[in-house]
Amino acid sequence: MNVKRCLFFALCGCYLISLCILNGCKKPPAGSTHSGPQPLRIHFTCDTSGRIEPCGCFTGQHGGLTRLRTWLKENDPSGQSLRVDIGGAIAGKADYDIIQYGYITKAYAELGYHALNLGADEIALKQADLVRLAGASSVPMISASWVNAASRQEILKPFTIVQHGNLKVGILGVISPNSVTSRDEGTDVLSLNEAIDRHLPALRSQTNVIVLLAFAKLDEMKKIAQQYFEIPIILGGDVSGPAQMLLRENDSILAWTTNEARTVGEITAKVDQKTIMDAHYQNQLLWDYIAQDAKIADLMKQYRAEIRQTKLRIDDPNYRHEGAIPGVSATATYMGTETCQSCHPNTHGGWTGSSHARAFDTLKKRGTDADPHCIACHTVGFGKEGGYRRSMGDTQLTAVGCESCHGPGSAHVAKHRDNKPNNFSFRPLDAGDCVSCHHGEFSRPFDWKQFWPKVEHGKETAR
């Protein structure tokens, strides 16, 4: 009997040794206490576009990081979920956008985020500005794709590793070169494969599960899933709308979101030996009835206080917007709505009773009258040659006046006031001119037939 038992245990030992050899005798990642399926919960955003809070021009506006924090506190009160942003958090590349982005990263820190990936709008910044912002951010800003063009070395951290319960989660950030519209001189963007290949071995050995943040098109995310079985979770990206369900491709699950901080994606799953099990997904709309968190809203107040005291490039009277043709000056200048009154009294009278005439007052009430993000649709010719400048305050070229739609009118005025020969004429206007400001939530829904009667006017006999 003893001989049989010895033989049995010897055979068992040989079997275990064989399994160890076949599987490479891999040890679990350092610090891991993995034993059986482990829960994993992820909240992710993309395309925040500077939306710390809704602008407030109309009621019923969804989203904002203000509402996201309230929703997270209600749905994950312990704050234990893994929280990541896939890119596109900044609103643009102007100096005031860069200032605002510093407050956006502070908002993400308050939200308990673990990683911020670079999207196309971030890559478009000057390298020095982006490196400075990354250094000041308490949330890691990552990109395995953005490199120095000469050395081919990553400029920021390519990934971060987070302890999530009993799991070590590797978060790798990439962006597709096809999504990059512009980048600073001296920088480059690696192909998705090269960016992933560089860091996959290290992440495999150090983590229980890898989450890829991919600012990329859907077909590119699918291709990654087909090529890399080691990456079980892929979150995007550069897409037209939020996913409504999980997409399963090869051994990976894919999900994505967008829509200017109006939505947040949530994944709950279990991880067993680097395999994703029982994965569920929901896309949550941040409804207008969700209360706005005061602490995040205060960051927006701080941004507006700073921007009011800061001299910006757009404040320069000689500023020319990016679309301006070099060497070409405007043929007419802005005169102000009051100039039109003498020849167009009926139209002017109708205007004074409209919301357009009070457009700048709404900014003053909200304290946003110095924020360039808001001013353009509430003044005359902001950022254009001879148009409104912040130094004017509320003294001239404020509100949505005649020239906001018709363009600068000095040539038109000269023709009729001084009887000078002039072939100047205003271009025809239609609904397309209105939607530059009245789009989406800024005028829900915009219907030309409904809105035009409220401001309708035409030719008027001069007096």
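Because the model is predicted, local features need pLDDT of at least 70 and side-chain atom pairs count only at pLDDT 80 or more, whereas totals for chains, interfaces and linings use all residues. Residues are numbered from 1 along each chain as its sequence is written, and side-chain values use heavy atoms, with hydrogens and water left out.

The protein has 16 helices and 14 strands, these being DSSP runs numbered from the N terminus (helices H or I, at least four residues; strands E, at least two). Of its 463 residues, 46% are buried, where buried means under 20% relative accessible area, exposed over 50%, and partly exposed in between, with a 1.4 Å probe and protein chains only. Among contacts (heavy atoms within 4.5 Å) between residues at least 6 apart in sequence, 67% join residues at least 24 apart.

In soluble globular proteins, nonpolar side chains tend to be buried together. Here the largest nonpolar core has 106 residues, and those with the most contacts inside it are Ile42 and Leu235; such a core is a set of buried Ala, Val, Leu, Ile, Met, Phe, Trp, Tyr and Cys residues joined through side-chain atoms within 4.5 Å. Leaving aside residues up to four places away in sequence, Ile42 touches Leu82, Val84, Val211, Ile233, Leu235, Gly265, Glu266 and Ile267. Thr268, which lies in strand E13, is 226 residues from Ile42 in sequence but 6.5 Å away in space, C-alpha to C-alpha. Thr268 counts as partly exposed because its relative accessibility is 28%, and, with the same exclusion of residues up to four places away, it touches Leu40, Arg41, Asp278, Ala279 and His280.

Helix H2 (residues 65–75) is mostly covered, with eight of its eleven residues buried. Those buried residues pack against strand E1 (38–45), strand E2 (82–85), H3, strand E13 (263–272), strand E14 (275–285) and helix H8 (294–309).

Two packed helices are described by the angle between their axes and the distance between the axes. H2 and H8 pack at an angle of about 160 degrees with their axes 8 Å apart, the axes being lines fitted to C-alpha atoms, for helices over the stretch in contact, and the angles running from 0 to 180 degrees between N-to-C directions. The two helices H2 and H8 are therefore roughly antiparallel, given that angles under 35 degrees count as roughly parallel, over 145 as roughly antiparallel, 65 to 115 as roughly perpendicular and the rest as oblique. Leu65, Thr66 and Arg69 of H2 make this contact with Lys295, Ile296 and Ala297 of H8. H3 and helix H5 (residues 127–136), by contrast, pack at about 20 degrees, with axes 10 Å apart, and are therefore roughly parallel. Their contact is made by Ile98, Tyr101 and Gly102 of H3 and Asp129, Arg132 and Leu133 of H5.

Some backbone details lie in loops. The peptide bond from Gly236 to Gly237 is cis, with omega near -15 degrees, and Gly237 is placed in the loop between strand E10 (233–236) and strand E11 (247–249). Lys274, in the loop between E13 and E14, has a phi near 70 degrees, a positive value in a residue other than glycine, and counts as partly exposed at 41% relative accessibility. Leu397 also has a positive phi, of about 55 degrees, although it is not a glycine; Leu397 lies in the loop between helix H12 (372–375) and helix H13 (402–406) and is buried, with a relative accessible area of 9%.
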